[in-house]
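Reader: I am new to reading protein models. Can we go through one together, feature by feature?

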Amino acid sequence: MKNILIFASLFVFVSSCKTMKPDEISASANVGNASQTLQINNPIIKDKYTGDPAALVYKDKVYLYAGHDEAPNDFNFYKMNEWLVYSSSDMVNWQEHPVPLKVTDFSWAKSDAWAAQVIERNGKFYWYLTVSHGTIDGKAIGVAVSDSPIGPFKDALGKAIITNDMTKETKIDWDDIDPTVMIDDDGQAYLFWGNTVCHYAKLKENMVELDGPIQTIDLPNFTEAPWIHKHKNWYYLSYAYQFPEKIAYAMSKSINGPWEFKGILNEIAGNSNTNHQSIIEFKGVPYFIYHNGSIQPNGGSFRRSVCVDRLHYNEDGTMKRVIMTTEGIQK
């Protein structure tokens, strides 16, 4: 009888698996043994490899900007020539727009469409991005501008705003990467960036020139990928921590610090050595946007995919550790 029961149970389980759609997961609810069908929404882009996400909330949409991972399956490093843009009104359905910006749009740059972020000011959209400089050794940060969040964008300055020779704290030539920008409540804009050393500086109102000296922030195990945001009365500086990378964060009552380290926010993102986050609030709901290497068989550290999950704050302002899911955001 025991064997018959086991066989019957296996038959029911296999039969139910055969009828389940590949893009859905059947999950039991906690109340009343009811069940609901959840869509598999992570990663959010499945037809291209996308990495280093940054999101902008503008009017009634979220605009997602990402680098395009184009490395062949047998090539184990980054190959990135352009950035992509998508938009969504519900964080579930994403519309792809024409390629808005390429490395070749910068006459002074030679390669590497690395991490970037777009911010709006006075009806114009400023895109801060990482490339390899054509004549100054090392990585550099440029700025593009557009009248629309989906572009097209063009070089706003005709040269880099940050070059490797402007920062001397480390001898590596890739320490000037991963820009993130915030406009504070008083209208002052700030640019943060860095690898192994976290740098920041004020920006002039024109958004394409520094307005004062470059400063550094001492953060435990800072690797790269700073992201600056504000929630209620707290400023948050999250960043890639150690390697392979987790995301950790610090908090402050001022954008100029002092910063208090709060610990890990996101664990190592599956099948990817890097971890790069974007934190936004859309229609009153906080979201955590990141990448992993989840598209198989060839996804990985150099062929990444953007995902989205919920972010939660505690009553004291600290952030709860992010739970990365296959289901992602549901309608």
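Author: Start with one residue. Val118 touches Leu56, Tyr65, Phe125, Tyr126, Trp127 and Phe153, leaving out residues up to four places away in sequence. Contact here means heavy atoms within 4.5 Å.

Author: Now some ground rules. This is a predicted model, where local features need pLDDT of at least 70 and side-chain atom pairs count only at pLDDT 80 or more, while totals for chains, interfaces and linings use all residues. Residues are numbered from 1 along each chain as its sequence is written, and side-chain values use heavy atoms, with hydrogens and water left out.

Reader: Is Val118 buried or exposed?

Author: Buried means under 20% relative accessible area, exposed means over 50%, and partly exposed is in between (1.4 Å probe, protein chains only). Val118 has a relative accessible area of 2%, so Val118 is buried.

Reader: In which strand is Val118 found?

Author: Helices (H or I, at least four residues) and strands (E, at least two) are DSSP runs, numbered from the N terminus. Val118 is in strand S8, residues 109-121. The chain has one helix and 22 strands.

Reader: How far apart are Val118 and Thr180 in sequence and in space?

Author: They are 62 residues apart in sequence. From C-alpha to C-alpha, Val118 and Thr180 are 8.4 Å apart. For the chain, take contacts between residues at least 6 apart in sequence: 47% of them join residues at least 24 apart.

Reader: Which residues touch the most other members of the largest nonpolar core?

Author: A nonpolar core is a set of buried Ala, Val, Leu, Ile, Met, Phe, Trp, Tyr and Cys residues joined through side-chain atoms within 4.5 Å. The largest one has 27 residues, and Trp83, Leu101, Phe106, Trp127 and Leu129 touch the most other members. Two or more residues come from each of strand S4 (61-69), strand S5 (82-88), S8, strand S9 (124-133) and strand S10 (139-146). S8 gives the most, with five residues.

Reader: What does Trp127 touch?

Author: Leave out residues up to four places away in sequence. The contacts of Trp127 then include Tyr65, Trp83, Leu101, Val118 and Phe153.

Reader: In what order do the four strands of the open sheet come?

Author: Two strands pair if DSSP finds at least two bridges between them. The order is S8-S9-S10-S11, and the pairing is antiparallel. S8 and strand S11 (154-155) stand at the edges, each with a single partner strand, so one side of each has no neighbour in the sheet. S10 and S11 pair in the antiparallel sense over two bridges. Ala144 has Asp155 in S11 as its bridge partner.

Reader: How many salt bridges does the structure hold?

Author: A salt bridge is a side-chain nitrogen of Lys or Arg within 4 Å of a carboxyl oxygen of Asp or Glu. The structure holds ten. In one of them, Lys48 pairs with Glu96, and the closest N and O atoms are 3.0 Å apart. Lys48 lies in the loop between strand S2 (35-39) and strand S3 (49-58), and Glu96 in strand S6 (residues 95-96), so the pair ties together parts that are 48 residues apart in sequence. Lys48 is partly exposed, at 24% relative accessible area. Glu96 is partly exposed too, at 33%. Asp47, Lys48 and Glu96 are linked in a network of salt bridges.

Reader: Which parts does the salt bridge of Asp52 and Arg304 tie together?

Author: Their side chains meet at 3.3 Å, N to O. Asp52 lies in strand S3 and Arg304 in the loop between strand S21 (285-292) and strand S22 (305-310), so the pair ties together parts that are 252 residues apart in sequence. Asp52 and Arg304 are both buried.

Reader: How many disulfides are there?

Author: A disulfide is a pair of cysteine sulfur atoms within 2.5 Å. By this rule the count is zero. Cys198 is buried, at 1% relative accessibility. Cys307 is buried, also with a relative accessible area of 1%.

Reader: What share of the chain counts as buried?

Author: Of its 331 residues, 54% count as buried. One of the buried residues is His199, with a relative accessible area of 0%. His199 sits in strand S14, residues 198-203.
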